[in-house]
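Subject: The model, and what turned up in it

Hello,

Here is the structure I promised to hand over. Please have a look at it first, and then read on for my notes.

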Protein chains: 2
Amino acid sequence: MTISEDAALRILKRTLPRAYSAASGRKVRVGIGDDAALLSHGQLSPSRQELVWTVDACEEDTHFLWQWMTPEDVAHKAFHAALSDIPAMGAAPVAALCQLTLGPRVSAAWLSKFAEQQRECALTTSTPLVGGNITLGESTRVITTVLGSVDARRVLLRSGAKPKDEVWLIGQIGVAGAGLRLLQARPTRSRGRGSQVACLEAFRRPRALVSEGKKLGPLAHACMDVSDGLARDAGQLAEASGVRVVLEQAGVEAILSESLKDLARSQGWDALHLALQGGEDYALLATGPKEKRPRFAQVIGRVEQAGRGSPVGAFLSSGTSLRALAGGFVHRPRK
Amino acid sequence: MTISEDAALRILKRTLPRAYSAASGRKVRVGIGDDAALLSHGQLSPSRQELVWTVDACEEDTHFLWQWMTPEDVAHKAFHAALSDIPAMGAAPVAALCQLTLGPRVSAAWLSKFAEQQRECALTTSTPLVGGNITLGESTRVITTVLGSVDARRVLLRSGAKPKDEVWLIGQIGVAGAGLRLLQARPTRSRGRGSQVACLEAFRRPRALVSEGKKLGPLAHACMDVSDGLARDAGQLAEASGVRVVLEQAGVEAILSESLKDLARSQGWDALHLALQGGEDYALLATGPKEKRPRFAQVIGRVEQAGRGSPVGAFLSSGTSLRALAGGFVHRPRK
């Protein structure tokens with residue numbers, strides 16, 4: 001009776017093809033299937049600027065439990081998680097709208113703190129929150145939709161990766177997943193101690209890499225944000241581009257943060273596994289030519305041509321071994 | 001501990017003022033407080049076209065019960081309810097995005113029917129659905145965000161009503177509220193019989209008045225969609241414009257549909273009360289000068305200047321009596 005997220009997405013992609021969007025007489029450059037929608041609107045964009053527009057959910061019991069997060073945490077996470085798709089396209093944010101469903105535990109004090117933090121997020125990211133809608137419900141849910149604009153020649157799609165590109169990572173991975181594990185083991189709003197602090201913060205207060213994404217526009221060939229785990233997201237980029245994304249295990253291990261490694265050591269966790277499979281990082285995964293690599297990008301692999309005996313996909317390389325990456329992260333806080 | 005929708009809105013309005021939107025260096029003409037956000041984006045709109053952007057929720061247990069609606073009904077209602085804010089601004093739709101949370105009762109068959117109906121809605125309204133996001137959750141929820149564009153000189157705000165304007169209603173009111181009462185009394189997906197049919201259909205399949213809204217742009221002074229009941233919405237228009245909106249009881253009664261009157265008669269309901277207090281009509285309430293009234297607009301009252309002893313607000317006039325209108329509709333299917 002029930003349906004998986006992937007099966008649902010397949011149905012939607014099948015039922016809502018690009019064809020009918022084009023039939024509307026307006027040019028939808030990217031609809032379903034990338035980080036955000038990309039619209040060419042004749043009258044609105046004569047100077048080759050295009051709109052980038054995304055929507056994302058941050059829902060109690062799916063993305064977080066009430067006892068894990070202060071109202072400021074919820075506001076911050078919802079805002080930055082949605083915003084993250086804008087730099088993932090090489091775009092700059094224009095504005096955001098918020099659909100807010102308030103569960104029975106929301107008090108006026110809670111909402112005030114929430115709203116103040118959303119204002120803070122809007123100010124620090126130059127993304128004015130220009131409206132939204134409020135509903136009362138059984139649980140608290142924040143749906144954020146964000147518009148951005150981008151020079152049409154510099155937009156970064158998942159499908160742009162080219163053989164011989166380097167694979168770049170911008171930001172941290174695995175840290176938020178470690179924070180999530182801590183919260184699943186012991187629900188708390190405490191900020192933690194030692195190496196826990198950075199991990200809990202990465203989960204509760206991810207940061208959309210707005211300026212990095214904008215700078216990547218003229219440098220990279222492809223980009224996406226890492227929200228479902230590096231393994232799964234690298235696979236999606238590979239499939240969209242029709243290439244092989246080969247991650248170097250040593251390269252990935254070299255960029256893991258000290259906090260993640262310390263915490264993994266003390267808890268008996270596998271830091272590499274967390275980096276590959278942990279979700280909600282909101283780092284950027286990009287590919288581009290070596291000579292254009294910006295200083296903030298860390299090299300974790302390379303793009304190779306697919307062909308006979310070399311299928312499209314994401315792989316992890318270690319010495320002479322090469323294994324296909326699979327799996328990924330599904331939002332289910334209780335598991 | 002819990003908070004009302006109005007109290008929540010007040011907090012948000014207080015915390016998220018227009019000032020900081022303006023501080024971003026982009027011009028936000030209308031943020032929180034009207035039907036949709038209105039953006040002037042220098043590079044995107046040199047020809048005085050502006051973006052109109054809205055978000056709306058259609059959630060199980062808040063806006064509908066599972067046993068009331070086919071998947072096609074849910075798809076249609078969610079899409080048109082969100083879209084309705086675009087003609088309410090005198091704008092034309094550009095595109096829509098959908099955040100879909102799937103509850104445990106959603107099957108692949110359900111979702112296929114849902115998606116096909118959304119495609120149908122997109123095609124018939126020329127509003128391509130260009131993407132979205134999927135989440136799994138405890139109940140099914142559809143959040144739709146819609147972009148539109150409008151000539152900056154023809155945008156219709158709630159605040160534009162002028163003394164001596166006529167008050168126009170476009171579309172039906174009260175019918176959806178009657179449909180809701182039927183469903184609350186007896187949950188069913190049946191299409192009904194006799195006068196029930198039109199009322200159930202009005203609740204399950206409201207129609208955003210896309211072409212009417214666009215035509216109103218150069219004719220009307222103010223416009224909004226009627227979703228929380230005519231009484232409440234007329235009051236909001238009056239307050240935003242700083243005027244008195246005086247509805248003629250005879251004028252309102254004259255436009256009630258035969259289906260509504262028949263059903264009210266057979267059920268012992270007050271049709272006028274349903275027209276004033278019933279929600280989810282998605283009709284358009286506009287004001288404008290008599291000489292510009294389009295043929296599809298029905299006159300139901302007049303706009304008067306407020307002043308000493310004549311407070312701002314919405315009123316119902318009948319013969320020599322005049323009473324202030326209050327109340328309105330809050331989405332709570334179980335009550």
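Let me begin in chain B. B:Leu285 touches B:Leu169, B:Cys223, B:Met224, B:Val226, B:Leu230, B:Asp233, B:Ala234 and B:Leu237, leaving out residues up to four places away in sequence; two residues are in contact if their C-beta atoms, placed from the backbone, lie within 7 Å. B:Leu285 also belongs to the largest nonpolar core, which has 200 residues, and is one of those that touch the most other members, together with A:Val245, A:Leu285, B:Val245 and B:Ala286. By nonpolar core I mean a set of buried Ala, Val, Leu, Ile, Met, Phe, Trp, Tyr and Cys residues joined through C-beta atoms within 7 Å. Buried means that 20 or more other C-beta atoms lie within 10 Å of the residue's own, exposed means 12 or fewer, and partly exposed is in between, with C-beta atoms placed from the backbone.

A word on conventions: this is a predicted model, in which local features need pLDDT of at least 70, side-chain atom pairs count only at pLDDT 80 or more, and totals for chains, interfaces and linings use all residues. Residues are numbered from 1 along each chain as its sequence is written, while chains are lettered from A and ligands numbered from 1 in the order in which they are written.

Staying in chain B, B:Ala238 is found in helix α8 (residues 230–241); helices (H or I, at least four residues) and strands (E, at least two) are DSSP runs, numbered from the N terminus. B:Ala238 counts as buried because it has 27 C-beta neighbours inside 10 Å. Beyond four places in sequence, its contacts are B:Val243, B:Arg244, B:Val245, B:Val312, B:Gly313 and B:Ala314. B:Phe315 is 77 residues away from B:Ala238 in sequence, with 9.7 Å from C-alpha to C-alpha.

Helix α3 (residues 71–83) of chain B is worth a look too. Its 13 residues reach 18 Å from the first C-alpha to the last, close to the 18 Å expected at 1.5 Å a residue (the expected span is 1.5 Å times one less than the number of residues). Twelve of the 13 residues are buried, so α3(B) is largely enclosed by the rest of the structure. The cover over these buried residues includes β3 (49–59), β4 (92–102), α4 (108–125), β6 and α6 (195–204) of chain B.

Now for chain A, which has eleven helices and 13 strands. Of its 335 residues, 57% are buried. Among contacts between residues at least 6 apart in sequence, 83% join residues at least 24 apart.

Chain A is divided into domain 1 (5–154) and domain 2 (158–324), with bounds that come from an automatic or database domain assignment. The contact between them takes 25 residues from domain 1 and 22 residues from domain 2. On the domain 1 side, α3, β4 (92–102) and β6 (141–151) each supply at least two residues, and α3(A) gives the most, with six.

In helix α5 (residues 175–185) of chain A, the buried residues include A:Val175, A:Leu180 and A:Leu183. The buried residues of α5(A) pack against α6 (195–204), α10 (258–267) and α11 (271–277) of chain A.

Among the strands of chain A, β9 (residues 243–248) and β12 (residues 313–318) pair in the parallel sense over five bridges, where pairing requires at least two bridges found by DSSP. A:Glu248 stands opposite A:Ser317 in β12(A). β12(A) also pairs with β13 (residues 321–324), in the antiparallel sense over four bridges, and A:Leu316 has A:Arg323 as its bridge partner in β13(A). This hairpin has two residues between its strands, and A:Gly319 takes a positive phi near 60 degrees there.

A:Asp61, at about 75 degrees, is in the loop between β3 (49–59) and α3 (71–83) of chain A. B:Lys164, near 85 degrees, is in the loop between β6 (141–151) and β7 (166–170) of chain B. Most residues other than glycine have a negative phi. A:Asp61 is partly exposed, with 18 other C-beta atoms within 10 Å, whereas B:Lys164 is exposed, with 12.

Best wishes
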